[in-house]
Amino acid sequence: MPLWEIFAPESAFTEEDKEQLSTAITDACVAFADIPRFYVGVRFEVTPANTMYVGGKAADNFVRVVVDTIARQLDTREIRAACMDATEMVLAPFVKDRGFDWEVHFDEIPMDLWRIQGLVPPPAYSGTEKLWARENRAIPYEVSAT
Amino acid sequence: MPLWEIFAPESAFTEEDKEQLSTAITDACVAFADIPRFYVGVRFEVTPANTMYVGGKAADNFVRVVVDTIARQLDTREIRAACMDATEMVLAPFVKDRGFDWEVHFDEIPMDLWRIQGLVPPPAYSGTEKLWARENRAIPYEVSAT
Amino acid sequence: MPLWEIFAPESAFTEEDKEQLSTAITDACVAFADIPRFYVGVRFEVTPANTMYVGGKAADNFVRVVVDTIARQLDTREIRAACMDATEMVLAPFVKDRGFDWEVHFDEIPMDLWRIQGLVPPPAYSGTEKLWARENRAIPYEVSAT
């Protein structure tokens, strides 16, 4: 579903941290939205010193998270707030609890401008999506005309 | 029109590949949407090992493509599907046929929050746009009040 | 409010340039939208040679600016044009006047999918937002039920 981009200083996360955080994000997305695990992408980008500024000042203790969410519509105010709460919970041990400053935002991507392995992802909660989730990979299927 | 961002392992593309792929993308965008060639931007970003995760696992054989599309509205379901089909066709020789995993999504950018060389890009299919296409550069012109 | 991402060749900006440009962007955003200074994030990313292509050709003299705007709605055509004009004014001394080619676009992010330091940013122009601006930091407050 989503592509998470995590911009952080090089010292912020070890290899093990990155694997744990991306696993925690994946677990949270699956719990929240019941999507296949492989829908969740996480990209870490190191922000060298003096490349990230907040309010005009170098912010070298800052983690910026930008998420493109695709596979599920965040339809109601309650779901949107819950999504942001879940995000904060999953980030906290890696960011807040380690003394970083941080900021997060989500952008919403139209579902019909998205492909995985060249395939149109199946409709949310469909049998095919459940199969993809179970197999944890994109499997060719017959796209319905409707 | 669009900004294509292509996140891929360092080994994925040679200098020659990058030029060929960005040319193929440009050709496809021009054929699809009849826009000036210089509207098409492509940025390649190397994803070092252990910076891209899919489903919580390091995905070091993965190409992630994110496109911000601007100059044309993708108005109908048919055009949107055709846009994604064209995208897959242009990527296939560089991605699928080389054995990479891959995923693509497009985001839609409002046309009025976009400038090239400080200029408001002319209306789609206008005479000025055709001039820009012919000259393959942004040329100052009188922006109509309407 | 906004996250500015500035993709430029390594030679484009010194450390001092980056601080000055991010300060100029912050000043402009505060003047334009009356937001707290720390809402303005600017991330510089170096584009190595042969990673940025325009119209299928390597564009090694090119500055690409992508802004995600969040804290204020750009409601009217006039405000949207004024926003882009202000952007060009702030960039000109660092980009146009130095002989770079450049292109800019803004994407609009829904305000309710955004958190700073884990907090829901207060409503635009509210007393709490003014307090955040004065203190130049996120301060916990009681989020109203409405």
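This note walks through a predicted model of a protein with chains A, B and C, point by point.

1. **Before you start.** Because the model is predicted, local features need pLDDT of at least 70 and side-chain atom pairs count only at pLDDT 80 or more, while totals for chains, interfaces and linings use all residues; side-chain values use heavy atoms, with hydrogens and water left out. Residues are numbered from 1 along each chain as its sequence is written, and chains are lettered from A, with ligands numbered from 1, in the order in which they are written.

2. **Chain A by itself.** Let us begin with one chain. Chain A has 3 helices and 7 strands (DSSP runs numbered from the N terminus: H or I of at least four residues for helices, E of at least two for strands). Along the principal axes, the C-alpha atoms of chain A fill a box of roughly 55 × 35 × 25 Å.

3. **Where chain A meets chain B.** Here 31 residues of chain A are in contact with 27 residues of chain B (contact means heavy atoms within 4.5 Å). The two chains bury about 2500 Å² between them, with 47% of it on carbon and sulfur atoms (buried area is the accessible area, taken with a 1.4 Å probe, that two parts lose on being put together, summed over both). Within chain A, the most area is lost to chain B by A:Leu113, A:Arg115 and A:Gln117, together 30% of what that side buries.

4. B:Glu45 forms a salt bridge with A:Arg43, and their closest N and O atoms are 3.1 Å apart. There are also 16 residue pairs in polar contact between chain A and chain B, both residues at pLDDT 80 or more (a polar contact is a pair of N or O atoms within 3.5 Å; within protein, one must be able to donate a hydrogen and the other to accept it, and residues adjacent in sequence count only if both atoms are side-chain atoms). On the side of chain A that touches chain B, β1, α1 (15-33), β2 (41-46), β6 and β7 (114-116) each supply at least two residues. The largest share, 6 residues, comes from α1(A).

5. **Where chain A meets chain C.** Now turn to the other partner. This contact takes 27 residues from chain A and 31 residues from chain C, and the area buried is about 2500 Å², of which carbon and sulfur atoms give 47%. In chain A, the residues that lose the most area to chain C are A:Tyr53, A:Glu103 and A:His105, together 22% of what that side buries. The rule finds 3 salt bridges across this interface; C:Arg115 and A:Asp85 meet in a salt bridge at 3.0 Å, N to O. Elements giving two or more residues to this side of chain A are β3 (52-54), β5, α2 (77-91) and β6, and β6(A) gives the largest share, 8 residues.

6. Over all chains, the count comes to 36 salt bridges. C:Glu45 forms a salt bridge with B:Arg43, with the closest N and O atoms 3.1 Å apart. C:Glu45 lies in strand β2 of chain C and B:Arg43 in strand β2 of chain B, so this pair joins two chains.

7. **The cavity.** There is 1 cavity of 30 Å³ or more (on a 1 Å grid over the protein atoms alone, a set of points where a 1.4 Å probe fits but cannot get out; lining residues have an atom within 4 Å of a point). The largest cavity has a volume of about 300 Å³ (the space filled by probe spheres set on the points, which are joined across faces, edges and corners). Of its 23 lining residues, A:Glu5, A:Asp68, B:Glu5, C:Glu5 and C:Asp68 are the closest to its centre. The lining has 9 nonpolar, 2 polar and 12 charged residues (Ala, Val, Leu, Ile, Met, Phe, Trp, Tyr, Cys and Pro count as nonpolar, Asp, Glu, Lys and Arg as charged, and the others, Gly among them, as polar).

8. **The pocket.** About 630 Å³ of space lies in the largest pocket (an open set with protein on both sides within 12 Å along at least five of seven lines). It is lined by 31 residues, with A:Glu45, A:Val46, A:Thr47, A:Pro48 and C:Glu45 nearest its centre.

Note on methods. Salt bridge = Lys/Arg side-chain N within 4 Å of Asp/Glu carboxyl O.
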